[in-house]
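Work through the following exercises with the sequence and the model side by side. Try each task before reading its solution.

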Amino acid sequence: MANKFDVISIFPEYMSPLALSLIGKATKAGLVDIAVHDLRDQATDVHHTVDDTPYGGGAGMVMMPEPWGAAIDQVVSNAPNRTHDLVILTPAGEKFSQAMAEELTTCEHIIFACGRYEGIDIRITDYYKSQPNFRVREISIGDYVLNGGEVATLAIMEAIIRLIPGVIGNPASLDEESHSLESEAGLLVEYPSYTKPAEWRGLGVPEVLLSGNHAAIAKWRRDEAIKRTEKLRDLTRE
Ligand code: 6GU
């Protein structure tokens, strides 16, 4: 059974990049099953309203629970006998990480709820947390504010789908890459890479990489990865 993804948004066109590249190929190969839904299809008035003013006052608008409830119930009814992971995109969520991507790769059915404005009425979170066969997570992709969850959904889906077996041609590249290299020091970032030509605009390639000495190359790469990791840690230290 292919991993199933449903994305609910008021801008379904925002998700058109899912047809490209690796995710497009994975879809064609039947490795993933992706559907995008327009939240406004669930609105019940002539203007297709999905937001309203916040109780208690204040700036901005809040997304109403009724269209969200109807949209989520509809995608669930099309995925019977599965466990549903509802991912609500919000800057107030838990920070997305590689560990989370690995965990989400094992989910049978993920529903991405792309909030806009001041977010979705919190009763959507509370209600679905209380439902059987549901897990609800609020996820953010970083400490900055976007206009909505669509771009965050694209980033998270890409991180998940490339980990699904069969999606990447050469799975060895998954083991080698950034954030998968581990050491006593914790997570390491990737070593710097070079390709042809051997000299470009006066810049050469480290001699060791041209030496053919695989042990020396492995040691150099490891040392460089550690150096980069330490530099990054210094930059991000509070
Ligand atoms: Cl998931 N949504 C919005 N609106 N802003 C964000 C975000 C999500 N993650 C970081 N900033």
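A residue counts as buried under 20% relative accessible area, as exposed over 50%, and as partly exposed in between (1.4 Å probe, protein chains only). Of the 238 residues of the protein chain, 38% count as buried. The model is a predicted one: local features need pLDDT of at least 70, side-chain atom pairs count only at pLDDT 80 or more, and totals for chains, interfaces and linings use all residues. Residues are numbered from 1 along each chain as its sequence is written, and side-chain values use heavy atoms, with hydrogens and water left out.

**Exercise 1. State how many helices and strands the protein chain has, and what its C-alpha trace spans.**

Step 1. Helices (H or I, at least four residues) and strands (E, at least two) are DSSP runs, numbered from the N terminus.
Step 2. The protein chain has 7 helices and 9 strands.
Step 3. Along the principal axes, the C-alpha trace spans about 70 × 45 × 35 Å.

**Exercise 2. How many salt bridges does the structure hold? Compare the pair D85 and R135 with the pair D223 and K219.**

Step 1. The structure holds 9 salt bridges.
Step 2. The side chains of D85 and R135 meet at 2.7 Å, N to O. This pair links distant parts of the chain, with D85 in strand β5 and R135 in strand β7, 50 residues apart.
Step 3. D85 counts as buried because its relative accessibility is 1%. R135 has a relative accessible area of 42%, so R135 is partly exposed.
Step 4. The side chains of D223 and K219 meet at 2.6 Å, N to O. Both residues lie in helix α7, 4 residues apart, about one turn of the helix.
Step 5. D223, at 31% relative accessibility, counts as partly exposed, and K219, at 54%, counts as exposed.
Step 6. Salt bridges that share partners join D85, E103, R135 and R137 into one network.

**Exercise 3. Find which residues touch the most other members of the largest nonpolar core, and which element gives the most to this core.**

Step 1. In soluble globular proteins, nonpolar side chains tend to be buried together.
Step 2. A nonpolar core is a set of buried Ala, Val, Leu, Ile, Met, Phe, Trp, Tyr and Cys residues joined through side-chain atoms within 4.5 Å.
Step 3. The largest core has 30 residues, of which F5, F96, L104, I110, F112, I156 and I161 touch the most other members.
Step 4. At least two residues each come from β1, α1, β5 (84-95), α3 (98-104), β6 (109-114) and α5. The most come from α5, with 7 residues.

**Exercise 4. Locate A101 and P197, and say whether each is buried or partly exposed.**

Step 1. A101 is in helix α3. At 0% relative accessibility, A101 counts as buried.
Step 2. A101 and M157 are 56 residues apart in sequence, and their C-alpha atoms are 8.4 Å apart in space.
Step 3. P197 is in the loop between β9 (186-188) and α7 (214-236). P197 counts as partly exposed because its relative accessibility is 47%.
Step 4. P197 and I23 are 174 residues apart along the chain, and 31 Å separates their C-alpha atoms.

Technical notes. Salt bridge = Lys/Arg side-chain N within 4 Å of Asp/Glu carboxyl O.
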